Amino acid sequence: MTDKDFVPSSYTTDITEGKVTYKSPSNIALIKYWGKKEHQIPANPSISFTLDTCATTTTLSYKKLKNKASDFSFDLLFEGSPKEDFKPKISTFFKRTELYLPFLKAYHFTIETSNSFPHSSGIASSASGMSALALCLMELERELNPHMDTYFFKRKASFLARLGSGSACRSIEGDIMQWGLHKDTLKSSDLYAIRYPYKVHPIFKNYQDTILLVDKGSKQVSSSLGHNLMHDHPFAEQRFDQAHKNLTKLKRVFEEGNLSEFIKIVESEALTLHAMMMTSMPYFILMKPNTLEIINKIWAFRASSKTHVCFTLDAGANVHVLYPENEKEEVYQFISNELVAYCENGQYICDQIGNGAKKL
Ligand code: PMV
């Protein structure tokens with residue numbers, strides 16, 4: 001599919017008002033997206049586990065205006081109260097998607113949104129938030145065009161979510177999602193994410209992710225700024241090439257259930273992401289001392305326990321602790337005995353692989 005396939009030619013139904021709610025999860029990348037081209041096209045392919053517990057619920061109410069407005073008309077409520085500082089991000093999203101959703105200026109929207117995870121937990125809500133909004137808008141488009149099939153619906157929802165926040169395109173479905181063209185993945189695309197289409201060993205079923213909230217402060221560096229710093233980065237080309245190669249390796253790991261190899265790829269990807277930040281100009285460090293304490297504890301525990309616990313990081317100080325379901329009790333004991341002490345106010349979130357967004 002090309003982006004032209006997402007430009008509707010006409011609508012068959014007239015809808016005056018309505019309301020739709022979606023709950024959409026966050027996701028955690030195993031192969032990281034870091035660096036993009038124009039129009040939110042990723043510089044390398046990425047792959048993620050869709051999460052289950054960490055999610056955004058968004059209700060979109062829509063009312064047709066008497067005349068098409070000259071600008072987007074919407075109100076935004078976050079956890080029940082108006083939230084003016086979120087509005088510019090939504091306006092940007094509307095601008096980027098207007099070509100593909102030509103009805104946007106014909107309605108007044110009320111967007112009510114809330115997160116399952118604590119406010120300012122340092123967990124990015126852009127993936128869950130943008131995918132939830134994209135799905136609500138797609139539901140309105142499906143009402144305007146009731147013959148739309150589910151395949152197209154999901155692809156376009158992912159395509160639109162990508163225009164809001166790149167990683168959001170991987171939150172539409174579960175349980176493993178791939179975004180970005182890759183030679184070994186049939187039907188992979190830079191425009192939207194697809195469900196990982198190959199064999200996955202049962203060891204990855206219900207894979208656990210305990211998110212340790214090391215630093216709940218807001219990010220010092222936005223991910224858009226970080227992506228842009230990859231443009232003149234001295235190691236950019238090697239990094240993009242490495243992501244392609246890691247994806248090839250991961251395919252075999254998923255098939256065989258080789259957890260030792262899985263750990264090598266996932267931890268190396270996390271550290272490479274942060275290495276890119278530390279070697280850009282300007283350079284920055286998002287890890288905190290407790291991030292490193294946790295990483296060292298995980299390495300020591302893994303060596304002594306022979307479990308397969310490992311970590312990954314996103315663009316922040318929090319640590320995602322990943323482990324298979326059959327090691328849940330032992331690893332959970334370790335987390336509560338040894339790692340929770342490094343979390344801000346002892347806070348952490350127990351999550352696991354999930355099945356994607358749901359209409360409520
Ligand atoms: O979706 P963005 O633009 O916020 O970028 C997110 C990038 C990482 O979370 C660091 C990696 C990833 O692939 O999710």
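Predicted model: local features only at pLDDT ≥ 70, side-chain atom pairs only at ≥ 80, totals over all residues.
Colleague: What about serine 165 and arginine 170?

Modeller: Each uses a polar side-chain atom. For serine 165 the distance to a ligand oxygen atom is 3.0 Å. For arginine 170 it is 2.8 Å.

Colleague: How much of the ligand's accessible area does the protein cover?

Modeller: On its own, the ligand has 380 Å² of accessible area, and the protein covers 90% of that.

Colleague: Which residues of the shell come nearest to the ligand?

Modeller: There are 13 residues around the ligand, and Tyr33, Ser167, Arg170, Ser223 and His227 come nearest. By class, the shell has 5 nonpolar, 5 polar and 3 charged residues.

Colleague: Now the sheet with the order 11-12-10-13. Why are strand 11 and strand 13 called edges?

Modeller: The sheet is open, with 4 strands and antiparallel pairing. Strand 11 (310-313) and strand 13 (348-352) each have a single partner strand, so one side of each lacks a neighbour in the sheet. Neighbouring strands are turned by 25 degrees against each other on average, direction ignored.

Colleague: How do you know that strand 10 and strand 12 pair?

Modeller: Pairing takes at least two bridges, and 5 join strand 10 (residues 208-212) to strand 12 (residues 319-323), so they qualify. The two run antiparallel. Glutamine 208 has tyrosine 323 as its bridge partner in strand 12.

Colleague: Which helices pack on the sheet?

Modeller: Helix 7 (residues 289-305) does, touching strand 10, strand 11 and strand 12. Its direction makes about 155 degrees with that of strand 11. Helix 8 (residues 328-339) also packs on the sheet, touching strand 10, strand 12 and strand 13. The angle between helix 8 and strand 12 is about 155 degrees.

Colleague: What makes the bond between glycine 174 and aspartate 175 cis?

Modeller: Look at omega: about -10 degrees for this cis bond. Aspartate 175 is in the loop between helix 3 (150-164) and strand 8 (176-179). The bond from methionine 281 to proline 282 is also cis, with omega near 0 degrees. Proline 282 is in the loop between helix 6 (259-278) and helix 7.

Colleague: Why point out the phi of glutamine 40?

Modeller: Its phi is near 60 degrees, a positive value in a residue other than glycine. Most residues other than glycine have a negative phi. Glutamine 40 is in the loop between strand 2 (36-37) and strand 3 (41-42).

How values were computed: Residues numbered from 1 in each chain as written. Heavy atoms only, no water. Near = heavy atom within 4 Å. Polar contact = N/O pair within 3.5 Å; in protein donor to acceptor, adjacent residues only side chain to side chain. Areas by Shrake-Rupley, 256 points an atom, 1.4 Å probe, with all protein chains shown as cover. Nonpolar A, V, L, I, M, F, W, Y, C, P; charged D, E, K, R; others polar. Axes fitted to C-alpha atoms, helices over the stretch in contact; angles between N-to-C directions. Contact = heavy atoms within 4.5 Å.
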